Amino acid sequence: VAVVTGAASGIGLGLSERFLEEGMKLVMADIEQSSLDREVERLKEKGGEVIGVLCDVRRPEDVQALADRTLAHFGGVHVLCNNAGVAPAGPMLDTSPADWQWIIDVNILGVAYGVTTFGPIMVEAGEGHIINTASEAGLATNAALGMYCATKHAVVGLSESLYRELEDQGVGVSCLCPNLVKTRIFESERNRDDSAEPLPSQTATIAPLREAASALGIPPAKVSGDVVEAIKANRFWILTHDTTPTVAQARFRDLEKGENPSDPYAAMNEDPELSDFFRSDS
C-alpha cells in the first residue's frame, strides 16, 4: 500500500502510476478535488486499486484523516511519499510574512505531519519506507528561490535525521532531490487560498522558471523510476540529475577553502543551458 501526497499532478502522479505498475494498492491525496477525482477515476479504469482522499497537508487533522482512511480501506501502509509542495519565487526582500507562512506550512510542516502520523504506524508494523520530496534546492542555493531553498534544506535535514532515527527499526527513509522536472510546481500559487497577489518582481522571476520546467524538465516517469529503485535498494539519496553532486559539493569546496558562498552552478558545464536558470545572478 502506497500513500502519495500531491498525487494528482506532476511527480506525485508519476509516482502513483509507477506504484500501480509495481502491483501496489494506492492512496492518492491532493488538495485539488477536481484533478484528484479525474486521476483516481482514470487509474481505476486502467485496473488500479486506488482511492482518493482530499487532503490539505498544512492541517494535521487532514493528514490524520488520510492515515485513518488508508488503514480503514487497506489495513496498512508500506510506502509514504511526502510529495506535496509549492514553489514561489522572487527576491526574499520582497516577501511577506504570509508568503513565508504558506511555504513553510506546505513544504516543511506538511512533510513533518506525514512523518509523525505515518511513521509510528510503520515502526509498529516493523516495515515500510518514507520518501520525502526535497529538491536540488535543498542541496544548493540561488537568489531566485530563496524561500524555496530554505524549506527544501529543512526537508533534507529532517530526512537525514529521520534516517538515523529509524535506521534500526525496519523503516527506510529516502530523500528525493530533483532538478527541473516537467511539472506545474512553478504554478503552485493556483492553490494558495489567502488571495495574495504576486509582486512584479516575483512574477518576473517565476516566468522563466516555468519556461525552463516545460522546455528542459525531465518527465515525472523518470523520477518515479528512480524512486522505486531507491526503495528496493534502501538508498537514501535520490538524485535525478547527474549534475547534482557537482552542484552540491560547491558548498563544501567553499568551506574547505574558507571562502564565501560561490555560485554552485559555475562548475556545471555538463548542461550550461539548464544551469543558466539557476545561477545566482539570474
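I began with the sheet: 7 strands form an open, parallel sheet in the order β3-β2-β1-β4-β5-β6-β7. I took helices (H or I, at least four residues) and strands (E, at least two) as DSSP runs, numbered from the N terminus, and strands as paired if DSSP finds at least two bridges between them. β3 and β7 are at the edges with a single partner strand each, so one side of each has no neighbour in the sheet.

I note that this is a predicted model, where local features need pLDDT of at least 70 and side-chain atom pairs count only at pLDDT 80 or more, while totals for chains, interfaces and linings use all residues. Residues are numbered from 1 along each chain as its sequence is written, and side-chain values use heavy atoms, with hydrogens and water left out.

Next I followed β5 (residues 128–133), which pairs with β6 in the parallel sense over 6 bridges. Histidine 129 has glycine 172 in β6 as its bridge partner.

I listed the contacts (heavy atoms within 4.5 Å) of phenylalanine 118: leaving aside neighbours within four places in sequence, they include Val3, Leu66 and Leu80.

I turned to salt bridges (a side-chain nitrogen of Lys or Arg within 4 Å of a carboxyl oxygen of Asp or Glu) and got a count of 15. In one of them, arginine 42 meets glutamate 39 at 2.7 Å, N to O. The two are 3 residues apart in helix α2 (residues 33–45), so about one helical turn separates them. For burial I used relative accessible area: buried is under 20%, exposed over 50%, partly exposed in between (1.4 Å probe, protein chains only). Arginine 42 is partly exposed at 29%, whereas glutamate 39 is buried at 8%.

Another pair I checked was arginine 192 and aspartate 194, with closest N and O atoms 2.8 Å apart. Here arginine 192 is buried at 17%, and aspartate 194 is partly exposed at 35%. Salt bridges that share partners also join Glu17, Arg38, Glu39 and Arg42 into one network.

My last stop was threonine 240, in the loop between β7 (237–238) and α8 (244–257). This threonine counts as buried at 7% relative accessibility.
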